Amino acid sequence: MSTTIYFDEYGDSSVLEAREEELPPLNAGEVRVSQRAISVNPADWKIVAGYARDFLPLPLPAVPGNESAGVVTEVAPDVTGFAVGDEVIRTGIGGSYRAEATFPATELVPKPADVDFEQAAGLPVAAGSAYAGLEMLELEPGQTLLVHGAAGGVGIAVTQIALHLGLRVIGTASPRNHEFLRSLGATPVAYGPGLVDEVTALGGVDGVFDTHGGADCVAATLALLSDLTRATTVAEDQHSAEAGIAPVGAPMDSVARIVAAVAELAARGVLRFPVQERIPLAEAARAFELSRAGHVRGKLILVP
Ligand SMILES: NC(=O)c1ccc[n+]([C@@H]2O[C@H](COP(=O)([O-])OP(=O)(O)OC[C@H]3O[C@@H](n4cnc5c(N)ncnc54)[C@H](OP(=O)(O)O)[C@@H]3O)[C@@H](O)[C@H]2O)c1
């Protein structure tokens, strides 16, 4: 029997339910994975809340979770490239909140041996989006990047990759995260009133990566940057759309390339996020509440 988190209807964290189930035999193209770490993203509770149901309808009941890492325990006969005992990273739409999981082999990439399961589980969505967005911005070493929300899952990855590329990073965060951002090598600033003046006093910026969105972040971007081809957002909303700020969007055929690239950066020690809290899988609802509150530093990890 294996613990799985289901939701039968769209709603808040109260619709999540832990169930014990037998896993059916593998179908062609599938791989069974014993999950070691499951990463929580804001997208998880947004999908369960139904924010994406018009363009991403899920057959209900459904299982949340877009990324995880574990060990292969069984492989369908037609699958090549994976064997029992392989350590893998999974990324896909839904289905990761499971202790034992069956995934299409196409959703798996090898986990580097020297990246632990927690770090690996959190790479595809946050670090992958950071990597894809920085590719879009095409900034040069020595230029300055402003990161709105630099202490969150995406923001930390943007900061670490940008610093690795030789950029100077100014990152917004609440004051409790400033020392942490300094420890990464970024210059912290508080978001809210005074942000534009403070960043201007630091010499201004050549690019902006917005991980928070909303009227205030977009207004600050517009005040600080005249060339909006050097701005991108993972928090697309009406404000960024009206301003003409491009959302991060990696073509689907780039996903495996980008996950492999961030896995390599993690293996080289460039990427490493703090785990704010390890939460038992059966308590996924609590993870939703923490994520929804909007002040996670690094990542929340569900432990099967
Ligand atoms: N489109 C995509 O491909 C994609 C991919 C990943 C994520 N996303 C989206 O990107 C957003 C961020 O994701 P995440 O995983 O980084 O979230 P997260 O880990 O929950 O981080 C949220 C961060 O936002 C910061 N924050 C809170 N209020 C802020 C404000 N007023 N101004 C600036 N920053 C503020 C918080 O910093 P403090 O604690 O210091 O306040 C916190 O570090 C979410 O909306 C998510 O759905 C989109």
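Which residues touch the most other members of the largest nonpolar core? They are Ala157 and Val262, in a core of 81 residues. Such a core is a set of buried Ala, Val, Leu, Ile, Met, Phe, Trp, Tyr and Cys residues joined through C-beta atoms within 7 Å, where buried means that 20 or more other C-beta atoms lie within 10 Å of a residue's own, with C-beta atoms placed from the backbone.

A word on the basis: this is a predicted model, in which local features need pLDDT of at least 70 and side-chain atom pairs count only at pLDDT 80 or more, while totals for chains, interfaces and linings use all residues. Residues are numbered from 1 along each chain as its sequence is written.

Helix α3 (residues 123-137) gives the most to the core, with nine residues. Because domain 1 and domain 2 both give residues to this core, it lies between them. Leaving out residues up to four places away in sequence, Ala157 touches Ala126, Ala127, Ala130, Leu271 and Phe273; touching means C-beta atoms, placed from the backbone, within 7 Å.

Here are the two domains, with bounds from an automatic or database domain assignment.

Elsewhere, helix α1 (residues 42-49) packs with helix α10 (residues 284-293) at an angle of about 105°, their axes 9 Å apart. Helices are DSSP runs (H or I, at least four residues), numbered from the N terminus; axes are lines fitted to C-alpha atoms over the stretch in contact, and angles run from 0 to 180 degrees between N-to-C directions. Pro42, Asp44 and Trp45 of α1 meet Phe288, Ser291 and Arg292 of α10.

Terms used. Helices (H or I, at least four residues) and strands (E, at least two) are DSSP runs, numbered from the N terminus. Two residues are in contact if their C-beta atoms, placed from the backbone, lie within 7 Å. A residue is buried if 20 or more other C-beta atoms lie within 10 Å of its own, exposed if 12 or fewer, and partly exposed in between; C-beta atoms are placed from the backbone.
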